[in-house]
Amino acid sequence: MEMICPNDFYWLQKNNLLNKMKEYFLKSTCKPLQYPKTLVQNCQGLFFQNKKVKTLLFSTDMAIIENIEADAVLAVYPFSPSERIMKSIISFSNKPVICGVGGGLTKGKKSLDMAMAAEQMGAAAVIVNQPFLNKDIETIKRNISIPVISSVSTAEFSFQNRINSGVDIFHITGGQNTNQIIQKIKHISPLFPIIATSGKTRESVKSSVQSGVNAIVLTPPTNGELFKSIMNQYRNGK
(Lines give C-alpha, C1' and ligand atoms only; values in the text may rest on other atoms or scores of the structure.)
Protein backbone atom coordinates (compact mmCIF):
# COMPACT_ATOMS: atom_id res chain seq x y z
CA MET A 1 0.00 0.00 0.00
CA GLU A 2 1.36 3.41 -0.98
CA MET A 3 2.25 5.62 1.97
CA ILE A 4 0.71 9.06 1.72
CA CYS A 5 2.04 11.63 4.14
CA PRO A 6 -0.68 13.50 6.06
CA ASN A 7 -0.71 17.27 5.77
CA ASP A 8 -1.09 17.54 9.53
CA PHE A 9 -0.79 15.14 12.41
CA TYR A 10 -2.64 15.50 15.70
CA TRP A 11 -2.06 13.99 19.13
CA LEU A 12 -5.01 13.19 21.35
CA GLN A 13 -4.07 14.77 24.67
CA LYS A 14 -5.20 13.59 28.12
CA ASN A 15 -7.58 16.54 28.32
CA ASN A 16 -9.25 15.24 25.13
CA LEU A 17 -8.21 18.33 23.16
CA LEU A 18 -6.48 17.83 19.82
CA ASN A 19 -3.04 19.46 19.73
CA LYS A 20 -1.60 20.12 16.31
CA MET A 21 1.86 18.60 15.97
CA LYS A 22 2.92 19.49 12.44
CA GLU A 23 6.54 18.56 11.67
CA TYR A 24 7.02 16.86 15.06
CA PHE A 25 7.14 13.27 13.85
CA LEU A 26 6.26 13.72 10.18
CA LYS A 27 8.29 15.51 7.54
CA SER A 28 6.36 17.36 4.84
CA THR A 29 8.44 15.52 2.22
CA CYS A 30 6.97 12.15 3.23
CA LYS A 31 10.40 10.82 4.16
CA PRO A 32 10.93 8.68 7.30
CA LEU A 33 9.47 9.80 10.60
CA GLN A 34 11.43 12.49 12.36
CA TYR A 35 11.89 13.76 15.90
CA PRO A 36 12.73 17.38 16.89
CA LYS A 37 16.50 16.97 16.62
CA THR A 38 17.35 20.53 17.60
CA LEU A 39 15.77 19.94 21.02
CA VAL A 40 18.07 17.05 21.91
CA GLN A 41 21.37 18.56 20.79
CA ASN A 42 22.19 19.60 24.36
CA CYS A 43 21.90 16.05 25.69
CA GLN A 44 25.30 14.68 26.69
CA GLY A 45 24.47 11.29 25.21
CA LEU A 46 25.48 7.82 26.34
CA PHE A 47 27.70 5.32 24.56
CA PHE A 48 26.22 1.97 23.59
CA GLN A 49 28.35 -0.34 21.46
CA ASN A 50 30.73 2.56 20.75
CA LYS A 51 27.89 4.68 19.38
CA LYS A 52 26.84 7.94 20.99
CA VAL A 53 23.12 7.77 21.73
CA LYS A 54 20.97 10.83 22.44
CA THR A 55 17.60 9.44 21.34
CA LEU A 56 16.02 6.03 21.91
CA LEU A 57 12.92 4.90 20.09
CA PHE A 58 10.31 3.25 22.31
CA SER A 59 8.93 0.69 19.87
CA THR A 60 8.97 -2.95 18.82
CA ASP A 61 7.25 -2.17 15.53
CA MET A 62 9.68 -2.87 12.70
CA ALA A 63 7.91 -0.51 10.31
CA ILE A 64 8.31 2.33 12.82
CA ILE A 65 11.91 1.36 13.59
CA GLU A 66 12.70 1.33 9.86
CA ASN A 67 11.29 4.80 9.30
CA ILE A 68 12.62 6.96 12.12
CA GLU A 69 16.15 8.22 12.62
CA ALA A 70 16.58 7.58 16.34
CA ASP A 71 20.00 6.54 17.61
CA ALA A 72 18.87 3.37 19.40
CA VAL A 73 15.82 1.20 20.12
CA LEU A 74 14.19 0.59 23.49
CA ALA A 75 12.49 -2.77 23.04
CA VAL A 76 10.16 -3.20 26.01
CA TYR A 77 6.57 -4.43 26.06
CA PRO A 78 3.91 -5.46 28.62
CA PHE A 79 4.50 -9.20 28.26
CA SER A 80 7.12 -11.71 29.34
CA PRO A 81 10.41 -11.17 27.48
CA SER A 82 10.85 -13.26 24.36
CA GLU A 83 14.08 -14.44 22.77
CA ARG A 84 12.35 -14.48 19.37
CA ILE A 85 11.40 -10.82 19.69
CA MET A 86 14.86 -9.89 20.91
CA LYS A 87 16.56 -11.70 18.05
CA SER A 88 14.25 -10.21 15.42
CA ILE A 89 14.65 -6.61 16.57
CA ILE A 90 18.41 -6.82 17.13
CA SER A 91 19.07 -8.36 13.72
CA PHE A 92 16.68 -5.94 12.00
CA SER A 93 17.57 -2.61 13.58
CA ASN A 94 21.21 -1.95 12.61
CA LYS A 95 21.49 0.20 15.73
CA PRO A 96 21.90 -0.43 19.47
CA VAL A 97 18.93 -2.25 21.00
CA ILE A 98 18.08 -2.23 24.71
CA CYS A 99 16.02 -5.29 25.63
CA GLY A 100 13.52 -5.59 28.46
CA VAL A 101 14.22 -8.65 30.60
CA GLY A 102 12.03 -8.34 33.66
CA GLY A 103 9.75 -6.41 35.99
CA GLY A 104 6.79 -7.32 38.12
CA LEU A 105 5.88 -10.56 36.32
CA THR A 106 9.25 -11.84 35.14
CA LYS A 107 12.12 -12.10 37.61
CA GLY A 108 14.69 -14.45 39.06
CA LYS A 109 16.18 -17.16 36.83
CA LYS A 110 13.87 -16.33 33.92
CA SER A 111 15.18 -12.77 33.82
CA LEU A 112 18.77 -13.94 34.17
CA ASP A 113 18.31 -16.32 31.25
CA MET A 114 16.79 -13.53 29.16
CA ALA A 115 19.59 -11.11 30.04
CA MET A 116 22.28 -13.63 29.09
CA ALA A 117 20.46 -14.47 25.87
CA ALA A 118 20.10 -10.79 25.02
CA GLU A 119 23.83 -10.23 25.43
CA GLN A 120 24.65 -13.27 23.30
CA MET A 121 22.33 -12.02 20.55
CA GLY A 122 24.01 -8.61 20.48
CA ALA A 123 21.87 -6.38 22.70
CA ALA A 124 23.52 -3.13 23.73
CA ALA A 125 21.97 -3.24 27.22
CA VAL A 126 19.14 -4.78 29.19
CA ILE A 127 16.45 -2.97 31.13
CA VAL A 128 14.30 -3.98 34.12
CA ASN A 129 11.15 -2.35 35.44
CA GLN A 130 10.60 -0.73 38.82
CA PRO A 131 9.28 -3.80 40.74
CA PHE A 132 12.38 -5.81 39.84
CA LEU A 133 14.29 -7.03 42.90
CA ASN A 134 17.74 -5.62 43.67
CA LYS A 135 19.07 -9.11 44.44
CA ASP A 136 18.10 -10.21 40.93
CA ILE A 137 19.93 -7.20 39.47
CA GLU A 138 23.02 -8.24 41.41
CA THR A 139 22.79 -11.73 39.91
CA ILE A 140 22.40 -10.39 36.38
CA LYS A 141 25.37 -8.04 36.85
CA ARG A 142 27.57 -10.99 37.83
CA ASN A 143 26.68 -12.82 34.62
CA ILE A 144 26.66 -10.21 31.85
CA SER A 145 28.99 -7.42 30.79
CA ILE A 146 26.53 -5.08 29.03
CA PRO A 147 24.84 -2.26 31.00
CA VAL A 148 21.79 -2.85 33.16
CA ILE A 149 19.17 -0.07 33.12
CA SER A 150 16.42 0.37 35.71
CA SER A 151 13.12 2.08 34.91
CA VAL A 152 11.64 4.16 37.72
CA SER A 153 8.30 5.97 37.72
CA THR A 154 8.12 7.52 41.20
CA ALA A 155 10.28 9.74 43.39
CA GLU A 156 9.39 7.55 46.38
CA PHE A 157 12.02 4.98 45.52
CA SER A 158 15.31 3.84 47.04
CA PHE A 159 17.63 5.03 44.29
CA GLN A 160 20.77 4.46 46.33
CA ASN A 161 19.91 0.81 46.95
CA ARG A 162 19.34 0.41 43.21
CA ILE A 163 22.70 1.96 42.48
CA ASN A 164 24.34 -0.30 45.07
CA SER A 165 22.83 -3.34 43.33
CA GLY A 166 24.84 -2.51 40.23
CA VAL A 167 22.44 -0.60 37.96
CA ASP A 168 24.34 1.45 35.38
CA ILE A 169 21.62 3.84 34.16
CA PHE A 170 18.21 5.03 35.31
CA HIS A 171 15.29 5.32 32.90
CA ILE A 172 12.70 7.75 34.24
CA THR A 173 9.07 7.24 33.25
CA GLY A 174 7.30 9.51 35.71
CA GLY A 175 4.92 11.39 33.44
CA GLN A 176 4.43 14.91 34.77
CA ASN A 177 6.70 14.04 37.72
CA THR A 178 9.65 13.07 35.54
CA ASN A 179 11.71 16.18 36.24
CA GLN A 180 11.11 15.89 39.98
CA ILE A 181 12.45 12.32 39.91
CA ILE A 182 15.45 13.38 37.83
CA GLN A 183 16.36 16.09 40.33
CA LYS A 184 16.12 13.63 43.22
CA ILE A 185 18.58 11.28 41.50
CA LYS A 186 20.93 14.15 40.79
CA HIS A 187 20.83 15.12 44.46
CA ILE A 188 21.84 11.56 45.43
CA SER A 189 24.39 11.02 42.66
CA PRO A 190 24.98 14.13 40.49
CA LEU A 191 26.78 12.33 37.65
CA PHE A 192 24.68 9.17 37.47
CA PRO A 193 23.53 8.50 33.86
CA ILE A 194 19.83 9.13 33.22
CA ILE A 195 17.52 8.64 30.25
CA ALA A 196 13.93 9.83 30.34
CA THR A 197 10.75 9.23 28.41
CA SER A 198 9.91 12.69 27.16
CA GLY A 199 6.24 12.53 26.22
CA LYS A 200 4.72 13.53 22.90
CA THR A 201 5.11 17.30 22.70
CA ARG A 202 8.00 19.64 21.96
CA GLU A 203 7.47 21.22 25.35
CA SER A 204 7.87 17.92 27.20
CA VAL A 205 10.99 17.02 25.21
CA LYS A 206 12.50 20.44 25.90
CA SER A 207 11.71 20.17 29.61
CA SER A 208 13.37 16.77 29.93
CA VAL A 209 16.48 17.93 28.07
CA GLN A 210 16.77 21.01 30.27
CA SER A 211 16.59 18.83 33.37
CA GLY A 212 19.97 17.41 32.40
CA VAL A 213 19.26 13.88 31.17
CA ASN A 214 21.82 12.11 29.02
CA ALA A 215 19.32 10.85 26.43
CA ILE A 216 15.64 11.08 25.53
CA VAL A 217 13.21 8.23 24.88
CA LEU A 218 10.86 9.10 22.02
CA THR A 219 7.33 7.68 21.87
CA PRO A 220 6.34 7.63 18.18
CA PRO A 221 2.86 7.59 16.69
CA THR A 222 1.46 4.10 16.17
CA ASN A 223 0.57 2.67 12.78
CA GLY A 224 -3.08 3.13 13.74
CA GLU A 225 -2.60 6.81 14.51
CA LEU A 226 -0.74 7.38 11.26
CA PHE A 227 -3.31 5.53 9.20
CA LYS A 228 -6.16 7.42 10.85
CA SER A 229 -4.81 10.69 9.52
CA ILE A 230 -4.16 9.16 6.09
CA MET A 231 -7.60 7.56 5.84
CA ASN A 232 -9.30 10.79 6.89
CA GLN A 233 -7.73 12.37 3.81
CA TYR A 234 -8.97 9.53 1.63
CA ARG A 235 -12.50 9.95 3.02
CA ASN A 236 -12.34 13.63 2.23
CA GLY A 237 -11.34 12.88 -1.33
CA LYS A 238 -7.74 14.09 -0.98
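1. How many salt bridges does a search of the whole structure find? The search finds 3 salt bridges, a salt bridge being a side-chain nitrogen of Lys or Arg within 4 Å of a carboxyl oxygen of Asp or Glu. Side chains of opposite charge can pair when their charged atoms come close.

2. A word on the basis of these notes. The model is predicted, so local features need pLDDT of at least 70 and side-chain atom pairs count only at pLDDT 80 or more, while totals for chains, interfaces and linings use all residues. Residues are numbered from 1 along each chain as its sequence is written, and side-chain values use heavy atoms, with hydrogens and water left out.

3. The secondary structure comes to 8 helices and 12 strands. Helices (H or I, at least four residues) and strands (E, at least two) are DSSP runs, numbered from the N terminus.

4. Asp-113 is partly exposed, at 30% relative accessible area, and Lys-109 is exposed, at 61%. Here buried stands for under 20% relative accessible area, exposed for over 50%, and partly exposed for values in between (1.4 Å probe, protein chains only).

5. Asp-168 and Lys-141 form another salt bridge through their side chains (2.9 Å, N to O). Asp-168 is in the loop between helix 5 and strand 10 (169-172) and Lys-141 is in helix 4, so the pair ties together parts that are 27 residues apart in sequence. Both residues are partly exposed: Asp-168 has 28% relative accessibility and Lys-141 has a relative accessible area of 27%.

6. Asp-136 and Lys-135 also meet in a salt bridge through their side chains, at 3.5 Å from N to O.

7. Helix 4 (residues 134-143) has Asp-136, Ile-137 and Ile-140 as buried residues. Seen down the axis of helix 4, these fall within an arc of 105°, so they line one face of the helix; the arc is that of the directions from the helix axis to the C-beta atoms. The face turned away from the buried side carries the exposed residues Lys-135 and Arg-142. Against what do the buried residues of helix 4 pack? They pack against helix 3 (108-121), strand 8 (125-128), strand 9 (148-152) and helix 5 (159-165), where contact means heavy atoms within 4.5 Å.

8. In helix 2 (residues 83-93), the buried residues are Met-86, Ile-89, Ile-90 and Ser-93. They cover an arc of only 100° around the axis, which puts them on the same side of helix 2. Arg-84, Lys-87 and Ser-91 are exposed on the other side of helix 2. The cover over the buried residues of helix 2 includes helix 1 (62-66), strand 6, strand 7 (97-102) and helix 3.

9. Which residues of helix 6 (residues 178-188) are buried? They are Thr-178, Ile-181, Ile-182 and Ile-185. Their arc around the axis is only 100°, which puts them on the same side of helix 6. Helix 5, strand 10, strand 11 (194-197) and helix 7 (202-210) are included in what covers the buried residues of helix 6.

10. Strand 5 (residues 55-58) pairs with strand 12 (residues 215-218) in the parallel sense, over 3 bridges; two strands pair if DSSP finds at least two bridges between them. In this pairing, Leu-57 stands opposite Leu-218 of strand 12. Strand 5 also pairs with strand 6 (residues 72-75), in the parallel sense and over 3 bridges. There Leu-56 stands opposite Ala-72 of strand 6.

11. The search of the whole structure finds 0 disulfides, a disulfide being a pair of cysteine sulfur atoms within 2.5 Å. Cys-43 counts as buried at 3% relative accessibility, and Cys-99 is buried with a relative accessible area of 1%.

12. Overall totals close the note. Of the 238 residues in the protein, 47% are buried. Among contacts between residues at least 6 apart in sequence, 58% join residues at least 24 apart. The protein exposes about 12300 Å², with carbon and sulfur atoms supplying 50% of it; accessible areas come from the Shrake-Rupley method with a 1.4 Å probe, and for residues only the protein chains shown count as cover.
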